[in-house]
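Subject: A structure for you to look through

Hi there,

Here is the structure I promised to pass on to you.

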Amino acid sequence: MFTGLIEEIGSVLGIDATARGTQLQIVAPRVAEKIQIGDSIAVNGCCLTVAAQRGEQFTFDLLEETLDRTNLKTLRQGSRVNLERSLPADGRLGGHFVQGHVDCAARIVRLENKGAHHRLEIELPVDFAHYVAHKGSIAVNGISLTIAEVSEESFAVWIIPHTRSQTNLDTARADDLVNLEFDLIAKYIERMLDRHFVPPSLK
């Protein structure tokens with residue numbers, strides 16, 4: 001479990017196909033001091049397990065589904081990624097409940113300066129649109145954000161200067177892919193309603 005509060009922006013050293021599958025290598029000095037092999041880290045909001053570590057560098061093994069579902073497949077050497085360690089049982093929840101299970105990657109429609117703040121608009125895949133609600137929570141590249149606007153094809157969030165400067169949204173551009181994880185509570189409600197809903201034709 002994560003909170004959506006980014007600890008550090010890591011830099012990709014490489015993403016390579018090996019005999020063991022695809023491996024992602026990242027350097028991040030602050031996070032590296034506090035982790036060990038086997039720990040869970042959200043990378044752009046995607047929960048990954050540390051497979052190897054050497055100094056400030058650590059390595060993850062990536063599944064094919066992870067590459068298919070997330071924007072990790074677009075990473076290159078030098079790419080910047082948001083990092084968050086998993087929440088300890090006695091930790092303080094400062095964002096919202098984030099599982100690190102990315103639902104999909106979606107395209108940035110536009111990122112606009114609005115005075116000191118920024119408006120980020122992201123396309124809304126139709127299969128996930130029912131999870132999005134005005135003032136609801138969403139994780140974008142692992143960042144806990146509040147939905148400010150919803151339309152049929154997109155949604156928008158507002159980014160304060162601190163959030164932009166402390167995450168990889170500082171280099172985001174239109175058409176970039178961002179990872180989306182929709183609110184966990186909405187998914188449970190959907191599941192419960194599906195189990196108890198009886199179609200009118202069967203009543």
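Below is what was found in it, one part at a time.

Before you start, please keep in mind that this is a predicted model.

Six strands close into it, in the order 7-8-11-10-9-12, and their pairing is antiparallel. From one strand to the next, the twist averages 45°.

**The nonpolar cores**

In soluble globular proteins, nonpolar side chains tend to be buried together. In this model the largest nonpolar core has 23 residues. Leu 120, Ile 122, Ile 138, Val 140, Phe 155, Leu 180 and Phe 182 are the ones with the most contacts inside this core. At least two of the core's residues come from each of strand 7 (104-114), strand 8 (117-123), strand 9 (137-140), strand 10 (143-150), strand 11 (154-159) and strand 12 (177-182).

Another core, of 21 residues, lies apart from the largest one. Among its members are Val 12, Leu 24, Ile 26 and Leu 83.

**The salt bridges**

Side chains of opposite charge can pair when their charged atoms come close. How many salt bridges does the structure hold? There are nine.

One of them is formed by the side chains of Arg 107 and Asp 175, at 2.9 Å from N to O. Arg 107 sits in strand 7, while Asp 175 is in the loop between helix 3 (161-165) and strand 12, so this pair ties together parts that are 68 residues apart in sequence. Arg 107 is partly exposed, with a relative accessible area of 29%, whereas Asp 175 is exposed, at 52%.

Now to Glu 149 again. This residue forms a salt bridge with Arg 119, and their closest N and O atoms are 2.9 Å apart. The two come from distant parts of the chain, with Glu 149 in strand 10 and Arg 119 in strand 8, 30 residues apart. Glu 149 counts as partly exposed because its relative accessibility is 30%, while Arg 119 is buried, with a value of 12%.

Arg 119 also meets the side chain of Glu 121 in a salt bridge, at 3.1 Å from N to O. Both Arg 119 and Glu 121 are buried. Which residues are linked in a network of salt bridges? They are Arg 110, Glu 112, Arg 119, Glu 121 and Glu 149.

**A serine in a loop**

Last, have a look at Ser 79, which is in the loop between helix 2 (64-69) and strand 6 (80-85). Is Ser 79 buried or exposed? Its relative accessible area is 19%, so Ser 79 counts as buried, the cut-off being under 20%. The side chain of Ser 79 reaches the backbone nitrogen of Arg 76 at 2.9 Å. Neighbours within four places in sequence aside, Ser 79 is in contact with Gly 10, Ser 11 and Val 12. Val 12 is also one of the residues of the 21-residue core.

Enjoy exploring!

Best wishes

Conventions. Residues numbered from 1 in each chain as written. Predicted model: local features only at pLDDT ≥ 70, side-chain atom pairs only at ≥ 80, totals over all residues. Heavy atoms only, no water. Helix = DSSP H or I, 4+ residues; strand = E, 2+ residues; numbered from the N terminus. Buried < 20%, exposed > 50% of the residue type's maximum accessible area, 1.4 Å probe, protein only. Polar contact = N/O pair within 3.5 Å; in protein donor to acceptor, adjacent residues only side chain to side chain. Contact = heavy atoms within 4.5 Å. Core = buried A, V, L, I, M, F, W, Y, C linked by side-chain atoms within 4.5 Å. Salt bridge = Lys/Arg side-chain N within 4 Å of Asp/Glu carboxyl O. Pairing = 2+ DSSP bridges. Axes fitted to C-alpha atoms, helices over the stretch in contact; angles between N-to-C directions.
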